[in-house]
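Open the model in your viewer and keep the selection tool ready.

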Number of protein chains: 4
Amino acid sequence: MKGPLVAVVGGSTCTAQEAEWANAVGRLIAERGAVLLCGGLGGVMAAAASGAKAAGGLTIGLLPGNDAADANASIDVALATGMGEMRNALIVRAAHAMIAIGGGWGTLSEIALARRTNTPVVGLHDAFGAAVAIHREERPEDAVRWALEQASRPGGIMDA
Amino acid sequence: MKGPLVAVVGGSTCTAQEAEWANAVGRLIAERGAVLLCGGLGGVMAAAASGAKAAGGLTIGLLPGNDAADANASIDVALATGMGEMRNALIVRAAHAMIAIGGGWGTLSEIALARRTNTPVVGLHDAFGAAVAIHREERPEDAVRWALEQASRPGGIMDA
Amino acid sequence: MKGPLVAVVGGSTCTAQEAEWANAVGRLIAERGAVLLCGGLGGVMAAAASGAKAAGGLTIGLLPGNDAADANASIDVALATGMGEMRNALIVRAAHAMIAIGGGWGTLSEIALARRTNTPVVGLHDAFGAAVAIHREERPEDAVRWALEQASRPGGIMDA
Amino acid sequence: MKGPLVAVVGGSTCTAQEAEWANAVGRLIAERGAVLLCGGLGGVMAAAASGAKAAGGLTIGLLPGNDAADANASIDVALATGMGEMRNALIVRAAHAMIAIGGGWGTLSEIALARRTNTPVVGLHDAFGAAVAIHREERPEDAVRWALEQASRPGGIMDA
């Protein structure tokens, strides 16, 4: 295996600041030998994939539609699932750990499902407040460090 | 068709008060000619299904596992999906409207996905605060009335 | 539970003879207290559902698309899965037994998956020859009898 | 993108001859710049992945279960789908072309679904006779050449 799968989730559109965080996260994931998993589209997903590619990493996109050509330009392996938003659950299940940046309803569905199924998830300036109780970090390097620590735990139990 | 599909979502364990609300909701769904859709297990799901059956309604359970025998005793049609928690996305997609009562991470994943995919969803004393912006009602009859109004709209656009 | 789920699978277009067989199978499933499960569309699916409704039965359709309105007119509960042809696997998994009539590639995928996952399947003049080794019957009543016998077995082991 | 996704499907146990064919196919897929997609387990899947790795290629496994550790030793990216045999449909959908070697019921389900959904599929000494009408080749190099030609076609229309 090429290293743990770390998913980066967030909106398909995002702010410049969110893109910067996502890019840094993608780069760090690649530098530390992990594989970037994401939904394969724009916004946070594209920024994270771009960061990972710039650092020579491997990027996997699980697309909602039937056409691999929908993937952003930094996706190495675009898997067209044809499952629509149900593919969110596939990302959560396949990931060894997950980092959420910004985000809307789709991202919230992924965070909640991750908590439900014990996929470790950390919020890096995610859009959700104290009502959504997840582990949080302020800096990309801390989010990636935490994610990789969690990914390497047997059973993947997290402490939020 | 036997009428719109109204999903009731909530925890597989719940308080006595939540069970009472769920039971009333199930009964009202049946009385008004709709079909109850749920995850087929215990807690809110079992209470809603029990209420629907008491009123002569039809109850459908989409189970996470491979064995239809896992369904609660009030489920008429138990569909074993074998998809684990990914079946939450199937409930959200198949429902014409959704009512959330109490709930934990699984329920939150369903609410968020419903908002993401435009399945109308109403919270009836759901466990989530103002951070989760959904339409809310205080009484079972109001929640069911709202759900049925939304279910009958072309395109299912909701006003939260 | 309203009785075992018996799936009827076959082409979305079919011959008049196939429709007659499917109609008889649907009627018999209903008469014997089982629930008809199918893909919800035309051809064999519509004929089977029509037969089941004529006998007062209950019919469930698992649709490939996102719109319940795509279901044929005899479907009581139309579940829009949005999973495309992946919904074939859902039919196979949820069914307690399966009857194949005529059919093309989609039907063959369901038969093969049923054999792979131990869902009992009987061919009633299915389109596949000796290369596809399944239990076969010549008459609708025999196919339904066999399917119901298999559906009631613990573990669902079949003898092909 | 790292090149087209070519799926290799076949039994999780296989003959020595089938393993040899699968190994050669995996090697050729890698040599020609494509990515190997498979079910991630043993038999034909393991032999194809081993061949691809020996040639420096990239290997993706879509596992039926929830644990990435179930993947064979030559899988670079193990995606645990938790969907059971339903993951066969995911392989078929994500692949740009598919090569079937030997095989049993699971493989037949994949071939049939590929034909149903227009994923180009070639049989390389597959276990199915003339009743299963797919394009066939005798040699690994011809099967891979055909698969890559099909994968590069717009729309992916095949001539069987």
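A residue is called buried if its relative accessible area is under 20%, exposed if over 50%, and partly exposed in between (1.4 Å probe, protein chains only). Helices (H or I, at least four residues) and strands (E, at least two) are DSSP runs, numbered from the N terminus.

This is a predicted model, in which local features need pLDDT of at least 70 and side-chain atom pairs count only at pLDDT 80 or more, while totals for chains, interfaces and linings use all residues. Residues are numbered from 1 along each chain as its sequence is written, chains are lettered from A and ligands numbered from 1 in the order in which they are written, and side-chain values use heavy atoms, with hydrogens and water left out.

**Stop 1: a helix in chain B**

Select residues 44-54 of chain B, which form helix α2. Which residues of this helix are buried? They are B:Val44, B:Met45, B:Ala47, B:Ala48, B:Ala49, B:Gly51 and B:Ala52. Contact here means heavy atoms within 4.5 Å. Just after α2(B), click on B:Gly56, which has a positive phi of about 80°.

For chain C, select helix α2 (residues 44-54), where the buried residues include C:Val44, C:Met45 and C:Gly51. After α2(C) comes C:Gly56, with a positive phi near 80°.

**Stop 2: the sheet of chain A**

Show the strands of chain A. They include an open sheet of seven, in the order β4-β3-β2-β1-β5-β6-β7, with parallel pairing. Two strands pair if DSSP finds at least two bridges between them. Colour β4 (77-80) and β7 (135-137) of chain A: these stand at the edges with a single partner strand each, so one side of each has no neighbour in the sheet. From one strand to the next, the twist averages 25°; axes are lines fitted to C-alpha atoms (for helices, over the stretch in contact), and angles run from 0 to 180 degrees between N-to-C directions.

Zoom in on β2 (residues 35-38) and β3 (residues 59-63) of chain A, which run parallel and are joined by three bridges. How is A:Cys38 partnered, and by which residue of β3(A)? Its bridge partner is A:Gly61.

**Stop 3: chain B against chain C**

Select the contact between these chains: 23 residues of chain B touch 23 residues of chain C. Together the two chains bury about 1,900 Å², 67% of it on carbon and sulfur atoms. Buried area is the accessible area (1.4 Å probe) that two parts lose on being put together, summed over both.

**Stop 4: confidence**

Colour by pLDDT, the predictor's confidence in each residue, from 0 to 100. Chain A has a mean pLDDT of 95, and 96% of its residues reach 70 or more. Select residues 156-160 of chain A, where pLDDT stays under 50. Where pLDDT is low, the predicted coordinates should not be read in detail. The model scores ipTM 0.94 and pTM 0.95.
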